[in-house]
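Please look at the sequence and the structure below before reading on.

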Amino acid sequence: MPRFYLPETLAPDTFITLPDASAHHAARVLRLSVGDSVTLFNGQGGEWMSSIHHIGKREVEVRVGEWQNVERESTLRVTLAQGISSGERMDYTLQKAVELGVHAIQPIACARSVVKLSGERADKRRTHWQNLVIAACEQCARNRVPEVSDIAPLPVGLAQSAMTPFKLMLAPDAQHTLHSLPRPDGDITMLAGPEGGFDAHEYSAALAAGFIPIRLGPRILRTETAALTALAAMQTLWGDL
């Protein structure tokens with residue numbers, strides 16, 4: 001059933017107009033008709049079983065139906081602190097991380113990040129990433145939308161994780177693997193590097209901040225797959241897969 005995100009108060013037996021992009025997708029891409037069933041969610045939990053009430057030239061009106069207390073969130077609360085990678089690589093990582101149940105995303109500006117973002121460009125990219133996360137939630141049936149934080153330099157990202165009880169850093173030459181660690185009790189922050197990985201200073205700073213280096217087998221993974229592999233493994237070992 002098609003799903004649409006509307007970040008506002010929803011109530012049964014009311015009528016609501018879809019945002020322009022969602023209306024275009026419903027009418028022109030999915031070619032929905034009056035009476036077709038859709039699901040609405042506002043990111044606060046649960047979902048509304050609804051139906052198309054009216055389709056105009058540019059607008060689509062939906063009749064909000066019954067609310068259902070459905071949750072599909074992971075039992076693991078993982079914040080992905082991801083070193084910024086270029087273009088589609090970063091998009092792919094964030095999209096699939098949402099599908100794998102990540103709780104929040106902190107983009108990290110690293111010394112070896114190919115893309116350098118600041119000011120208005122940084123704001124626009126964060127908005128792009130947040131919209132991508134919303135679309136991923138619509139696709140994978142999550143009813144709570146992970147927040148994409150403002151881009152932060154690595155020292156700020158490390159400081160923000162100070163109170164997180166379980167902190168991991170992906171490092172291909174690390175001694176530990178996920179299998180060798182106990183099941184975490186509490187929130188998790190996972191730090192993943194950009195295309196070129198972390199430089200020596202960044203690696204040392206992460207160690208000093210309490211991050212545990214882990215490796216993901218004997219092969220070196222690309223930046224767009226490393227964090228996803230770790231998330232899938234954590235969900236298998238400790239989560240809901």
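## Salt bridges

The side chains of Arg144 and Glu71 form a salt bridge, with 3.2 Å from N to O; the term stands for a side-chain nitrogen of Lys or Arg within 4 Å of a carboxyl oxygen of Asp or Glu. Arg144 belongs to the loop between helix 3 (119-140) and strand 9 (147-148), and Glu71 to the loop between strand 6 (67-68) and strand 7, so the pair ties together parts that are 73 residues apart in sequence. The model is predicted: local features need pLDDT of at least 70 and side-chain atom pairs count only at pLDDT 80 or more, whereas totals for chains, interfaces and linings use all residues. Residues are numbered from 1 along each chain as its sequence is written, and side-chain values use heavy atoms, with hydrogens and water left out.

Side chains of opposite charge can pair when their charged atoms come close. By the rule above, the count is twelve salt bridges. Another of them joins Arg77 to Asp187. This pair links distant parts of the chain, since Arg77 is in the loop between strand 6 and strand 7 and Asp187 in the loop between strand 11 and strand 12, 110 residues apart.

| Pair | Closest N to O distance |
|---|---|
| Arg77 and Asp187 | 3.0 Å |
| Arg222 and Glu224 | 2.9 Å |

Relative accessible area describes the surroundings of these residues: buried means under 20%, exposed over 50% and partly exposed in between, with a 1.4 Å probe and protein chains only. Arg144 is partly exposed at 35%, and Glu71 is partly exposed at 37%. Arg77, at 39%, is partly exposed, as is Asp187 at 33%. Glu224, by contrast, is buried at 12%. A network of salt bridges links Arg89, Glu195, Arg222 and Glu224.

## Strand 12

Helices (H or I, at least four residues) and strands (E, at least two) are DSSP runs, numbered from the N terminus. The protein chain has six helices and 13 strands. Why is strand 12 largely enclosed by the rest of the structure? Five of the five residues of this strand (residues 188-192) are buried, so the rest of the structure largely encloses it.

In a regular strand the side chains alternate between the two faces of the sheet. In strand 12 both faces are covered, with Ile188, Met190 and Ala192 buried on one side and Thr189 and Leu191 buried on the other.

Two strands pair if DSSP finds at least two bridges between them. Strand 7 (residues 78-83) runs parallel to strand 12 and is joined to it by five bridges; Thr79 has Thr189 as its bridge partner. Strand 11 (residues 166-170) also runs parallel to strand 12, with four bridges, and Leu168 has Met190 as its partner there.

## The whole chain

Of the 241 residues in the protein chain, 45% are buried. The C-alpha atoms fill a box of roughly 60 × 40 × 30 Å along the principal axes. Among contacts (heavy atoms within 4.5 Å) between residues at least 6 apart in sequence, 69% join residues at least 24 apart.
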